[in-house]
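Please open the complex in a viewer and keep the selection panel at hand. The stops below proceed from the whole assembly to single residues and back to the confidence values.

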Amino acid sequence: MNFLTVFTQPQLLMLVGLGTFAGVYVGAIPGLSVTMAVSILISFTFSWDVYPAISLMIGIYMGGVYGGSRTAILLNIPGAPSAIATALDGYPMAKRGEAGTAIGVTTVMSFIGGFIGIGVLAVAAPVVSDFALKFQPRDYMLLAILGILLVGSLSQGSLLKGIFAGALGIAIGAVGRDPLTFTERFTFDFRLLEGGISFIAVMIGMFGVSEALLQLHHVDKDAVRQKINRIVPSLSTVKKHLPLSLQTSTIGVIIGALPGTGGDIAALMAYDHAKRVTKDPEREFGDGAMEGLIAPETANNSAVGGAFIPMMTLGIPGDAVTAIMIGALFIHGLNPGPMLMIDQPDMFWFIVGALVMANIFMVIFGLTGIKLFTKIVEMPRSVLIPLIMLLSIVGAYAVNNSITDVYWMLGFGVFGYFMRHYGYPLGPVILGVILSRLLDDNWRRAIISEREDLGRFFEGIFTSPLSLVLFIAVILIFVSQTPLWTRGKRMLLGRKSESTSK
Amino acid sequence: MQHIDPEHHDGTSDATPGGTENMRRPGELIFGVVMLVTSLGLLWSAYGISGFEALSAPGSVPMATTLAMVISAALIVAKTARLPLDTSETLSRDILPGVVLIFAAALVGYGILLKPFGFLPTSALFLIGAIKLLARRGWGWTLTVALSSLIVIWLIFRIVFTVLMPAGIVPEAEFIQFFRDLTNGGDA
């Protein structure tokens, strides 16, 4: 059984371990993100066999989601987006001299959350993929739109900017010759554009170079050092918080499984949940509450398993990193979706096995090597930034040995830099690029099967429960951004609070 | 739910728009207008693909997406124009400081020199210049850090990942072959 492949082959085991180790540090060092690391890594591992390449990337993903919490606790700088909520209570704990306890609890809870996520993935993905066989092309199209809109609306707040970014991504993905009719699209008569724009160049530019340019604003900021006490948490602490961690892991896996939403949103929602359900916290939330640390950390790691569900079963990424993982599978000739689960179940079980192993490595590396860790995260940005830029250039060049890709990467890097400054989310751009082909193909299939009749197309949506649910979800996202919705919500919540106060 | 911008995860990042959501950052309106004009150009180009030929034509999805870009960009511009300008920020200090411009230029320079000069000399030049500029420390420290990191990167990517970067003026292949011959000779 392929689930055991990673456990029995020393080379793969080593790569998962190496990836997890690197991931913990990548996630922890401010300025390096998991998305950036995985996108750069694709370009270096594309000539490898698929198993070693995936092993390394899964290790980095799992380690990186956890690693972000370290600097959130020690320096109040979340190393990864999924650790933003961790800083809210982790840093106050560290300031009180409880950094070791915070790190230990975070590690164990991330481990528990990680396992719950992987468990749900193993059980749910085969069921979802069976169900996914019943999906019509229009359902795929609606799912893709839903994913892009969700990542746009939830991650940034401004749906308009999210829509713009998502549509831009789809347009970038459409550049080149149309695969069905060979018609040129957005090529402006440049031969270089006929083959399209390398999505790796877009990804590395947006997540690597733009982040490095942004970090130039903070070159002179000094790192704050914290003392670290005992790391391994007591059994009673773990037992006491187990019920909450199970609840927040469930939130994490559900949010992770929604197309377009990942660990960052899961962590914030779990934090919110913990705040509501914890009646008497030992310390107030925001002032070093243990619950405020446990909730986001279990949720973001369980979201990893969750994010793999839509990726493996539908070919629709759960978040930006799984979007890049889909890209990696494409490069290795695999096409994620229900047919991959049926034709090559071994690949699915291999990924589950690699995730389990990465989770085990995570707890090992998490509870050891703290001295080395504090040294590495204090690496000055004046060295780190030029290195990120250099790696980005090497990564963009390596895939096609093309200088043009380097220029694209630099162009998107500068563009991404301005987008970040002006509050445009980058996640939807990447999701748009990855899903462009799927959306285009499925729209055309759907409308051709309805004999080019828009009326019949909508009739199809309203007569299929699944299509209807997806369609309503898309509409709800739009409606939720209108002033009418906000007013209605305020009225409803206002009445509720009035009745409770009575 | 508490709103924290995950894209700008660095707690110290000044990329959180304007410090507040209700202010316009310097240059934000110009960026919005550029996006709107670009979107209009792309919509025109998308229309040129197949016009309104058929719903399943190759231009239909590009037209729909660029139309979405035009509408959202127009609404963003309208919304941004109504916001008061954040006077505590300036374009040259908070959005596009000199160091960012220098680095953007250095990256373009790197791209231009990579093919003719090769990976090793161009990267060495880039790293030494960049680290010297940012760290403002002595030449000894700068050269040691820059060159040792370059050697590590080169070894990892050339040997482990077998990435072939342009050799340029450095006889990289001969160099590697020389070491291979040395080790083979040693074995024999």
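**A tour of the two chains**

Begin by selecting chain B: of its 188 residues, 30% count as buried, where buried means 20 or more other C-beta atoms within 10 Å of the residue's own, exposed means 12 or fewer, partly exposed lies in between, and C-beta atoms are placed from the backbone. The model is predicted; local features need pLDDT of at least 70 and side-chain atom pairs count only at pLDDT 80 or more, whereas totals for chains, interfaces and linings use all residues. Residues are numbered from 1 along each chain as its sequence is written, and chains are lettered from A and ligands numbered from 1 in the order in which they are written.

Colour chain B by secondary structure next. Of the contacts in chain B with a separation of 6 or more, 62% join residues 24 or more positions apart, a contact being two residues whose C-beta atoms, placed from the backbone, lie within 7 Å.

Now select residues 60-82 of chain B, helix α2. Its 23 residues should span 33 Å at 1.5 Å a residue, and the end C-alpha atoms are 33 Å apart, so the two values agree; the expected span is 1.5 Å times one less than the number of residues. Among the buried residues of α2(B) are Met63(B), Met69(B), Val70(B), Ile76(B) and Val77(B). Their cover includes α8 (159-174), β2 (184-185) and α19 (427-449) of chain A, together with α1 (28-50) of chain B.

Display both chains for the interface, where 75 residues of chain A are in contact with 65 residues of chain B. On the side of chain A that touches chain B, helix α17 (residues 381-400) of chain A gives the most, with 11 residues. That side divides into 51 nonpolar, 14 polar and 10 charged residues; Ala, Val, Leu, Ile, Met, Phe, Trp, Tyr, Cys and Pro count as nonpolar, Asp, Glu, Lys and Arg as charged, and the others, Gly among them, as polar.

Which residues have the most contacts inside the largest nonpolar core? They are Val38(A), Met57(A) and Phe164(A), in a core of 209 residues; such a core is a set of buried Ala, Val, Leu, Ile, Met, Phe, Trp, Tyr and Cys residues joined through C-beta atoms within 7 Å. Helix α4 (residues 50-75) of chain A gives the most to this core, with 15 residues. Centre on Val38(A): leaving aside neighbours within four places in sequence, its contacts are Met57(A), Ile60(A), Tyr61(A), Val321(A), Ile324(A) and Met325(A).

Move to Ala354(A) in helix α15 (residues 345-367) of chain A. Ala354(A) is buried because 29 other C-beta atoms lie within 10 Å. Its C-alpha atom is separated by 8.4 Å from that of Ile54(A), 300 residues apart along the chain.

Finally, colour by pLDDT, the predictor's confidence in each residue from 0 to 100. Chain A averages 84, with its lowest mean, 65, in helix α22 (residues 483-501) of chain A and its highest, 94, in β2(A). Chain B averages 83, but pLDDT stays under 50 over residues 1-20 of chain B. Where pLDDT is low, the predicted coordinates should not be read in detail. For the complex, the predictor gives an ipTM of 0.87 and a pTM of 0.80.

Conventions
Helix = DSSP H or I, 4+ residues; strand = E, 2+ residues; numbered from the N terminus.
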